[in-house]
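Here's a quick tour of a model, with the cut-offs spelled out along the way. Have the viewer open as you read.

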Amino acid sequence: ATSPQELRNSIQQALPDITDFPSDGILQTFLDQPAGQSSHMILDQHYVPECQTILLGDAAVGMYSTLGQGCVYAMECAVSLAEELAGVPETKFAQILDKVATSNMQEGKAIADLNLISHLMR
C-alpha cells in the first residue's frame, strides 16, 4: 500500500469486520517508514464494543523485543481479563472489557515507553 486509503482497502478486503482505523496522518507515517524498520502505532482504544473485541498484550501495545516483555505482558493481560470475567454475568462483559482495556492501555503505554527507551539506548 502507498496511501492510507489503499492500506485501509487492503485490510478491509482481508478482514471485512475491521472498520475503525487510525487517522490518515498516523497511517501515512507508518507507510512512509523504510521497509524493515521497526515501528509501532499507539492506539487510543483497545476495546471495540460493537465487535466485543479487546486487544491484549503486545497486540495492543507495540513493544520492542529488547526487554523480552511482549509475551509476559500478553499473559498478564489474559490472566487479568480472566480474573475480571470470572463469575460475572454475560450482561456485564462489556463493562468489564472496557475497564480492563482502559487499565491495560495505561500500563501498556508505560511498558512500551520503557521498551522504546531501552531500544534507543541500544
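## The main core

Which residues make up the largest nonpolar core? That core has eight residues in all: Tyr 47, Ile 54, Leu 81, Leu 85, Ile 96, Leu 97, Val 100 and Ala 101. A nonpolar core here is a set of buried Ala, Val, Leu, Ile, Met, Phe, Trp, Tyr and Cys residues joined through side-chain atoms within 4.5 Å. Buried means under 20% relative accessible area, exposed means over 50%, and partly exposed is in between (1.4 Å probe, protein chains only).

Before going further, some ground rules: this is a predicted model, with local features needing pLDDT of at least 70 and side-chain atom pairs counting only at pLDDT 80 or more, while totals for chains, interfaces and linings use all residues. Residues are numbered from 1 along each chain as its sequence is written, and side-chain values use heavy atoms, leaving out hydrogens and water.

Two or more residues of the largest core come from each of helix 3 (70–85) and helix 4 (93–121). Helix 4 is the top contributor, giving four residues. Helices (H or I, at least four residues) are DSSP runs, numbered from the N terminus.

Take Leu 97: setting aside neighbours within four places in sequence, Leu 97 is in contact (heavy atoms within 4.5 Å) with Tyr 47, Ile 54 and Leu 81. Apart from this core lies another one, of six residues, including Ala 60, Val 61, Tyr 73 and Cys 77.

In helix 1 (residues 4–14), the buried residues are Pro 4, Leu 7 and Arg 8. They sit on the same side of the helix because they cover an arc of only 100 degrees around the axis, going by the directions from the helix axis to the C-beta atoms. Gln 13 and Ala 14, on the other side, are exposed. Helix 2 (24–32) is part of what covers the buried residues of helix 1.

## Two salt bridges

The whole structure has two salt bridges, each a side-chain nitrogen of Lys or Arg within 4 Å of a carboxyl oxygen of Asp or Glu. One joins Asp 24 and Arg 8, with the closest N and O atoms 2.6 Å apart. That pair links helix 2 to helix 1, across 16 residues. Arg 8 counts as buried at 15% relative accessibility, whereas Asp 24 is partly exposed at 43%.

The other is between Glu 84 and Lys 99, at 3.2 Å, N to O. Glu 84 is in helix 3 and Lys 99 in helix 4, so this bridge ties together parts 15 residues apart in sequence. Glu 84 is partly exposed at 27%, and Lys 99 is partly exposed at 49%.
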